[in-house]
Amino acid sequence: MNKDLEDPRLTAIGLLAEAYTGLMNRLTTQFEEHRLSPVEFEVLMRLARSPRSQLRMTDLAGQTTLSTSGVTRVVDRMERSGLVRREACATDRRSSYAVITDAGQQRLAEVLPGHLELVQKWYVGLLTEEQLEQLLGSLRTIRDTVNPCAVAGSEESPPA
């Protein structure tokens with residue numbers, strides 16, 4: 001057998017992919033019950049957890065798994081559903097913000113209790129407090145290296 005096939009790096013990336021896929025399979029059903037796709041849930045969460053419940057569209061793309069054109073399509077769809085709205089940037093005509101609406105906040109409030117139950121059952125509840133702290137630190141280290149834009153726009157900035 002090829003020794004490379006026994007490389008623990010393959011095991012590490014394989015386990016990460018399998019865990020992510022398994023978790024998303026369990027979470028997606030609950031999102032669909034609330035008429036949301038996983039990416040729409042992610043957009044609502046990112047906006048709700050950001051200063052003033054808004055992000056520049058480019059920052060939203062950096063924080064999600066979407067390209068800038070992908071974010072535009074998702075925000076267009078969510079805007080038609082009344083979950084988000086766009087606002088022009090007062091300081092840069094080329095930029096616009098995605099802002100969560102009251103309807104978006106309401107939909108998120110409906111989804112969150114069940115989502116947190118599933119996250120507890122299938123993810124964080126399986127770990128000790130120490131394991132969870134180590135995992136969060138490790139995931140942040142990896143995320144900050146492979147996706148340095150993941151927190152773009154999430155820090156508080158002075159109002160425009």
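Trainee: Where is the place of R52?
Mentor: R52 lies in the loop between α2 (38–48) and β1. Keep in mind as we go that this is a predicted model.

Trainee: What is the phi of R52?
Mentor: R52 has a positive phi of about 60°, although it is not a glycine.

Trainee: And S53, where is that found?
Mentor: S53 is also in the loop between α2 and β1. S53 has a positive phi too, about 55°, and it is not a glycine either.

Trainee: Is S53 buried or exposed?
Mentor: S53 counts as buried, at 19% relative accessibility; the cut-off for buried is under 20%. R52 is partly exposed, with a relative accessible area of 41%.

Trainee: OK, on to the sheet. What order do the strands have?
Mentor: The order is β1-β3-β2, in an open sheet of 3 strands with antiparallel pairing. β1 (54–56) and β2 (84–88) are at the edges with a single partner strand each, so one side of each has no neighbour in the sheet.

Trainee: By how much are neighbouring strands turned against each other?
Mentor: By 30° on average in this sheet, ignoring direction.

Trainee: Over how many bridges do β2 and β3 pair?
Mentor: Over 5 bridges, in the antiparallel sense, with β3 covering residues 96–100. If you want a pair to look at, R85 stands opposite V99 in β3.

Trainee: Which helix packs on the sheet?
Mentor: That's α4 (residues 68–80), and it touches β2 and β3. The direction of α4 makes about 115° with that of β2.

Trainee: What about α2 and α4, at what angle do they pack?
Mentor: About 85°, with their axes 11 Å apart. That makes α2 roughly perpendicular to α4.

Trainee: Which residues in α2 and α4 meet?
Mentor: From α2 you have V39, E40, V43 and L44, and they meet V74, R77 and M78 in α4. By class, that contact has 5 nonpolar, no polar and 2 charged residues.

Trainee: Switching to α3. Is Q63 buried or exposed?
Mentor: Q63 is buried, with a relative accessible area of 5%. It is found in helix α3 (residues 57–63).

Trainee: What is Q63 in contact with, leaving aside its neighbours within four places in sequence?
Mentor: Quite a list: E42, R46, L55, C149, A150, V151, A152, G153 and S154.

Trainee: And D59, what does that touch?
Mentor: D59 touches A152 and G153, not counting residues up to four places away in sequence. A152 and G153 are also among the contacts of Q63. D59 is in helix α3 as well, and at 11% relative accessibility D59 counts as buried.

Trainee: Last one: where is A103 found?
Mentor: A103 is in helix α5 (residues 102–122). A103 is partly exposed, with a relative accessible area of 39%.

Trainee: Which residues does A103 touch?
Mentor: G82 and L83, again not counting residues up to four places away in sequence.

Trainee: And what separates the C-alpha atoms of A103 and T68?
Mentor: They are separated by 24 Å, with the two residues 35 apart along the chain.

Trainee: Great, thanks for the tour!

How values were computed:
Residues are numbered from 1 along each chain as its sequence is written. This is a predicted model: local features need pLDDT of at least 70, side-chain atom pairs count only at pLDDT 80 or more; totals for chains, interfaces and linings use all residues. Side-chain values use heavy atoms; hydrogens and water are left out. Two strands pair if DSSP finds at least two bridges between them. Helices (H or I, at least four residues) and strands (E, at least two) are DSSP runs, numbered from the N terminus. Axes are lines fitted to C-alpha atoms, for helices over the stretch in contact, and angles run from 0 to 180 degrees between N-to-C directions. Contact means heavy atoms within 4.5 Å. Buried means under 20% relative accessible area, exposed over 50%, partly exposed in between (1.4 Å probe, protein chains only). Angles under 35 degrees count as roughly parallel, over 145 as roughly antiparallel, 65 to 115 as roughly perpendicular and the rest as oblique. Ala, Val, Leu, Ile, Met, Phe, Trp, Tyr, Cys and Pro count as nonpolar, Asp, Glu, Lys and Arg as charged, and the others, Gly among them, as polar.
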